[in-house]
Structures are given as C-alpha cells and as structure tokens.
Amino acid sequence: MKAAILVFPGSNCDRDLKIAFEKAGAQVSMVWHKDDALPEGTDIVGVPGGFSYGDYLRCGAIAANSPITRSLKAHVERGGYALGICNGFQILTETRILPGALLRNANLKYICRTVPLTVRTADSDFTRSWEVGQQLQIPIAHHDGNYQADAELRAQLEGEDRIAFTYDENPNGSAGDIAGVLSANRRVLGMMPHPERAADEAQGNTDGRAMFDGLLSALVSA
Ligand SMILES: NC(=O)CC[C@H](N)C(=O)O
C-alpha cells in the first residue's frame with residue numbers, strides 16, 4: 001500500500017500519521033502542499049491534523065485551496081482512498097469532499113483529552129477490523145471540532161450508514177454526537193479524534209491501530 005501524506009505550513013500530526021501507516025506496513029511519501037502531483041501509484045492520501053495556515057479564515061479553508069488539494073480532489077474522484085484526521089477532516093469538509101462543517105466547540109475552548117467513541121459501521125476499509133457498537137478510547141485535540149449537518153444531511157448519513165464513529169460523551173457539541181463520517185463510496189473517512197495517537201504501545205493506547213492494519217490488509221488484497 002502506498003500512502004501519501006500532505007504537509008501544509010502548520011501541520012503537526014504528519015509524522016505521527018506517517019509512523020502509524022508505516023507500522024501497518026505501508027510505503028509512505030510526504031508531499032508538500034506546493035507540489036501539484038501525488039506520487040505515482042498512491043493508494044491513499046493522509047490529510048493530517050494540525051493548524052494549517054494558522055487556522056486563519058476558518059480551519060482548513062486556506063489548505064482547501066492549496067495546489068496539492070486539486071490532486072487530492074482528482075484522486076478521490078477517481079475512487080482513491082483518503083483519510084482526514086482533525087485538521088484533515090476540516091480540510092475535507094472545506095473542499096466539499098465530505099459534507100457538513102466543523103464549527104467552534106460548543107464551550108468555545110480547546111479540548112485535549114482521550115474520549116470514548118463508539119464504532120457505528122464496520123462496512124468500510126477504515127473500520128472493518130472493529131464490530132459495530134465497539135467502544136474505543138481515542139484522543140481529541142481541537143477547538144473547532146463541532147460537526148454540524150442539518151437534519152436532512154444527518155438522515156442521509158444515517159440512511160446510507162456513513163456515520164463511522166460517535167462520541168459517547170459529546171465533548172464539542174457535534175450534531176448527533178458524530179465524530180467521523182464516510183464518503184458515499186466509503187473510501188474517504190474524516191474524523192476529529194486522532195487514531196494515529198493511539199497506534200503504538202509507547203503512546204500508552206493502541207485502540208486506533210486496527211484502522212491502519214485494516215486499511216493495509218484491504219488495500220494489499222485489492
Ligand atoms: N489537532 C488538530 O488537528 C487541530 C485541529 C484544528 N486546527 C482545531 O484546533 O480545531
């Protein structure tokens with residue numbers, strides 16, 4: 001599996017994501033935002049967490065107009081995989097690759113702690129290693145993690161089984177407790193919690209590792 005991780009000025013989880021993919025056995029390239037092409041044969045694009053462009057305008061809004069983002073959109077339109085975590089999820093909503101929007105946390109504070117999540121679908125290559133209803137402990141670290149979708153969009157996401165994770169104790173005001181959503185073709189996942197920060201014994205938590213292992217076995221056998 002070939003993974004390409006986008007790096008924007010202000011990204012700060014790019015190397016953690018690289019390590020998580022590599023531990024699962026992927027070959028990883030780091031791609032600077034000014035590059036206009038993804039490496040040949042890229043299977044999955046990782047859009048990492050952080051504070052791209054200092055979170056100016058809105059989190060992810062400037063990154064959504066970076067040169068490399070055009071290649072990301074073309075990759076996704078061809079049916080390629082993408083995983084956006086935290087600021088990466090914000091970038092995926094700003095590009096409209098994923099629906100909905102991430103607003104300021106309801107308590108207006110930056111929240112950094114490990115929270116319980118429930119897996120809501122196992123029908124994706126990101127979540128196939130878990131069972132529906134399984135609880136995971138995954139770190140969050142954001143001030144704009146309040147996922148908002150109107151009633152119509154929420155009904156659509158629910159009807160199409162595209163809600164990947166929900167919060168057990170909603171930390172940020174997200175509608176329907178939604179912590180992560182899938183694209184219609186189930187090949188793009190955006191989520192605010194950080195599975196790459198829970199992927200190694202040295203991090204004191206391996207609850208997120210199955211995402212990377214599951215992706216690798218899906219993409220290697222494809
Ligand atoms: N860890 C992150 O990716 C931070 C996300 C984002 N910039 C926020 O604080 O909301």
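Leaving aside its neighbours within four places in sequence, which residues is Cys86 in contact with? Keep that question in mind while selecting the parts below. The model on screen is a predicted one.

**The sheet**

Start with the strands. Nine of them form an open sheet with mixed pairing, and the order to follow across it is β2-β1-β3-β4-β11-β10-β9-β6-β7. Select β2 (27-32) and β7 (135-142) to find the edges: each has a single partner strand, so one side of each is left without a neighbour in the sheet. Neighbouring strands of the sheet are turned by 20° against each other on average, with direction ignored.

Now select β6, residues 111-119, together with β7. The two strands pair in the antiparallel sense over eight bridges. One place to look is Ile111, whose bridge partner in β7 is His142.

Move on to β10, residues 178-182. This strand pairs with β9 (residues 163-167) in the antiparallel sense, over three bridges. Ile163 stands opposite Val181 in β10.

The loop between β9 and β10 holds Asp177. Select Asp177 and check its backbone: phi is near 60°, a positive value in a residue other than glycine. Asp177 counts as partly exposed, with 19 C-beta neighbours inside 10 Å.

Next, select Asp161, which sits in the loop between α4 (151-159) and β9. Asp161 is partly exposed, having 15 other C-beta atoms within 10 Å. Not counting residues up to four places away in sequence, Asp161 touches Thr121 and Asp123. Show Ser124 as well: Asp161 and Ser124 are 37 residues apart along the chain, and their C-alpha atoms are separated by 9.9 Å.

Select helix α1, residues 14-24. Its buried residues include Asp14, Leu17, Phe21 and Ala24. Just after α1 comes Gly25, with a positive phi of about 105°.

Then select helix α3, residues 87-94. This helix lies across β3 (44-47), β4 (81-85) and β11 (188-191), and runs at about 120° to β4. How many of the eight residues of α3 are buried? Eight of the eight are, so α3 is largely enclosed by the rest of the structure. Among these buried residues are Asn87, Phe89, Leu92 and Glu94. The buried residues of α3 pack against β3, β4, β5 (101-103) and β11.

Step past the end of α3 to Arg96, in the loop between α3 and β5. Phi of Arg96 is near 70°, a positive value in a residue other than glycine. Is Arg96 buried or exposed? Arg96 is exposed, with 10 other C-beta atoms within 10 Å.

**The annotated site**

For "active site", an unreviewed UniProt entry lists Cys86, His194 and Glu196. Select these three residues together. They span 111 residues in sequence, yet no two of their C-alpha atoms are more than 10.9 Å apart, so they gather at one spot.

Zoom in on Cys86, in the loop between β4 and α3. Cys86 is buried, with 30 other C-beta atoms within 10 Å. The opening question can now be settled: apart from neighbours within four places in sequence, Cys86 is in contact with Cys13, Gly49, Ala141, His142, Met192 and His194.

Select His194 next, in the loop between β11 and α5 (209-221). With 25 C-beta neighbours inside 10 Å, His194 counts as buried. Leaving aside neighbours within four places in sequence, the contacts of His194 include Cys13, Gly49, Cys86, Ile138 and Ala141.

**The ligand**

Finish with the ligand. The residues around the ligand are Gly49, Gly50, Phe51, Asp55, Cys59, Cys86, Asn87, Ala141, His142, His143, Asp144 and Gly145. What does this shell divide into? Four of its residues are nonpolar, six are polar and two are charged.

Conventions: Residues numbered from 1 in each chain as written. Predicted model: local features only at pLDDT ≥ 70, side-chain atom pairs only at ≥ 80, totals over all residues. Pairing = 2+ DSSP bridges. Helix = DSSP H or I, 4+ residues; strand = E, 2+ residues; numbered from the N terminus. Axes fitted to C-alpha atoms, helices over the stretch in contact; angles between N-to-C directions. Contact = placed C-beta atoms within 7 Å. Near = placed C-beta within 6 Å. Nonpolar A, V, L, I, M, F, W, Y, C, P; charged D, E, K, R; others polar. UniProt positions renumbered as here; feature names shortened; annotations may be inferred. Buried ≥ 20, exposed ≤ 12 C-beta atoms within 10 Å, placed from the backbone.
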